[in-house]
Amino acid sequence: MLHAINYTLLEAPTRDCPLPLRIAMAMTGRIAVDLGARVVKVVGSDGDPLFGLGARGSEEGALSRFLSARKQTLHLGDVKGNALAAIAADTDAVITNRASNREGGDLPSDVVVELSCFANDDAGKVSEFTVAALAGLLSMVGDPDREPLKLAGHQPAYALGLSAYLGLAAALYARDFGGATRREIVRANLMDTIVWLNWKAIPMPGADAEPQMRAGAGGEWQVVRCADGYVAIVYQEADWERLCTALDDPRLRDPALAVRVGRLREAGRVASLIEENLLHLTRAEIRQLAIEHRLPLGPVWSPSELTTDTQYAGREFFAADAHGGSRVPGLPMMVNGQRPGFTSDLNAETGQRVRR
Amino acid sequence: MSALEGCRILDLGIITAGAATSSLLADLGAEVIKIESPSYRDPFRAWMPDGPAMREGAMSPYFRATNRNKRGLSLDLKQAAGREILLRLANRSQGMVENFRRGVLDRLGLGYEILAAVNPALVLASISSQGENGPDAHHVSYGSTLEAVAGMAWHTGYEGDAPVVSGRDVNYPDQVVAIFAASMIVTALHEARSTGRGAHLDLSQRELTSYLIGESFLAVDDDAPPRTGNASAPYVVQDCFRARDGEWVAISVEPHDRPALQDALRISIDDDAEAIKRTLVGWVGERTASDAVAALSEAGIAVATVLTGDRLMGETEGLWDMAIMPQGADGAWFKGFPVQLENDPLAIKSDAPEIGADTRSILSELAGYSASEIDRFAEDGVVELND
């Protein structure tokens, strides 16, 4: 288990920290907690802005319960004068947001992870949604004739949280083994992270200038109906023959559909044919078909259904939430067959106070 | 100086998930050796976008993006001599990355136990669709498969309509896993260096995709509509609105934005979300996108034009500076970084390797084989040389 590198991380947003950055640093802290770090989150006099947020607006506290489990809380009202700086000096790393009146380097810690919305200009108000719009990600999802769509949840902020954790891990490694004598400043921002994730949308030099856009019903990969829900039809060129064999529908053997360019030209017909074949199969049957024929078909499961999913159960992906019967995902990694963070103290102490 | 200087990583990763993971490790300063088989290349080498300048023989820009900063070794792991070479290299490395189908590494006789026997401090990162074990371990996937089976697609889509996936051109789970996997490998390298004990990291892309909607599992409500378009807490209204010039404008309105909206749009302070949305449809529809963005931005509302990827380079200057790195005068670019370190900066120091570009030097300098031994390996098809 990853116990030898336990460290202390201070989540220290400024009072006016934009919500996306607050969520991102909470995700970074959540990963650190799962790996055994002691994480202290600083909460200002206005309270934790994550506390009132549900998964999709109505379920109060879900975001905080997911991101803050097993962290300790330091209420700013409980500290006097420069006490926060003194606390930071005792930590291995601080994660904060870039603020106009303070440089991240002002916080005395070996590693300071400084988050921002943009690389150089954070003047305007932003949301994850508007940054995803600027970064080209929104334009890639949904139907071309309808409004662009966001992905579920808080993908921009969570992805930034992952970027920040990568920088944090590398900086701590360099501190311990690289002979670094200076404090390291790690910088990550929402815009760069989303552009990095959406890199294939930027035309390659010399490639056709046609912009990449959401394809909707004209897309190669589509979601179609089945007997008890929906299934994502996902395949590459090498999978087509196996898909035809699995569905055993001679119409799919139409020579016009034999190569990718032909299937793209008739994407709607291909999807309709596949849907016709799947309408009499349940998602469980499609899952079995996919495994048997080595096909990347994706039955669409709900979070509710996944809490009893056999794959997740077999790998003990979920643990009980501290507040009752809900299930909370663990760190998506096993180390030598065990999942870090899944000990009896998982059901911890959301909001344990640290008094100085 | 780079953060991971002195770390050597053997890279058996292909396409995005595996190769982009080790690419980030290379950006951080690790020496990454990309290993391809003479009979099976990284399929990304063959992925070429359409276009006049994509000349025959050119290296795929997708491959370049995910394999820069690496050295190239062509090695046939199906031959005993190839496996022996790999084990010798594993003995002299700190990490290995693979995203083969489950069971392939074991069938090659190169499972974790074998690797750990030659190097107990080695970190092996296995990146897979579903994880190393479980009833779905052999359910193959591409990124959007995982959006479906992990619960993300369930909550992505228009209200009252079918689920939606990010699709082939984004393939979101395949992108995001590289950042997460690289960070877990760095963490495990830290542990291994501290303790002398390596580890087998079993990274399931499906689990990561669920983790990235983790709060949804704490708020299961079977009666709530599964998909709500672009709506999201804490925003009263969040959606895209079509401007007069056909552009889409993304707007997020927080509860405390009501007074500002009241001034800018002449709404009533008591208007509910639907009323505000109706007003925005009309108000944005009467303006060009740039006028709407300017006015709402001035009013302190989060707003932006929805851009396509081809407009990023020209219209978002100053908003990002490391995700894409310009290279040379011909407009070429490299995929850059999602994070940067001030004192130990990530950097692109070399282009992606041609097949077997560094085979001879790696076998000679790292594995200690003589020139005649290397020539014999080449004659036997165990390695490919690019002398």
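Colleague: How many nonpolar, polar and charged residues does the lining of the largest cavity have, by class?

Modeller: A cavity is a set of points, on a 1 Å grid over the protein atoms alone, where a 1.4 Å probe fits but cannot get out, and its lining residues have an atom within 4 Å of a point. Ala, Val, Leu, Ile, Met, Phe, Trp, Tyr, Cys and Pro count as nonpolar, Asp, Glu, Lys and Arg as charged, and the others, Gly among them, as polar. In this predicted model, local features need pLDDT of at least 70 and side-chain atom pairs count only at 80 or more, whereas totals for chains, interfaces and linings use all residues. Residues are numbered from 1 along each chain as its sequence is written, chains are lettered from A and ligands numbered from 1 in the order in which they are written, and side-chain values use heavy atoms, leaving out hydrogens and water. Here the lining has 11 nonpolar, five polar and two charged residues.

Colleague: How much space lies in the largest cavity, and which residues are closest to its centre?

Modeller: A volume is the space filled by probe spheres set on the points, and for the largest cavity that is about 150 Å³. Of its 18 lining residues, E128(A), F129(A), K150(A), G153(A) and P156(A) are the closest to the centre. The largest share of the lining, three residues, comes from α4(A), a helix being a DSSP run (H or I, at least four residues) numbered from the N terminus.

Colleague: At what angle do helix α5 and helix α6 of chain A pack?

Modeller: Axes are lines fitted to C-alpha atoms over the stretch in contact, and angles run from 0 to 180 degrees between N-to-C directions. Helix α5 (residues 155-177) and helix α6 (residues 190-197) of chain A pack at about 95 degrees, with their axes 9 Å apart. That makes α5(A) roughly perpendicular to α6(A), a word used for 65 to 115 degrees. The contact (heavy atoms within 4.5 Å) involves P156(A), A157(A), A159(A), L160(A) and S163(A) of α5(A), together with L190(A), T193(A), I194(A) and L197(A) of α6(A). By class, this contact has seven nonpolar, two polar and no charged residues.

Colleague: Why is helix α1 of chain B described as largely enclosed by the rest of the structure?

Modeller: Buried means under 20% relative accessible area (1.4 Å probe, protein chains only). In helix α1 (residues 17-27) of chain B, 11 of the 11 residues are buried, so the helix is largely enclosed by the rest of the structure. Among these buried residues are T21(B), L24(B), L25(B) and D27(B). The helix α1(B) is followed by G29(B), whose phi is positive, near 110 degrees.

Notes. Helix = DSSP H or I, 4+ residues; strand = E, 2+ residues; numbered from the N terminus. Parallel < 35°, antiparallel > 145°, perpendicular 65-115°, else oblique. 1 Å grid on protein atoms, 1.4 Å probe; cavity = no way out; pocket = protein on both sides within 12 Å on 5 of 7 lines; lining within 4 Å. Buried < 20%, exposed > 50% of the residue type's maximum accessible area, 1.4 Å probe, protein only.
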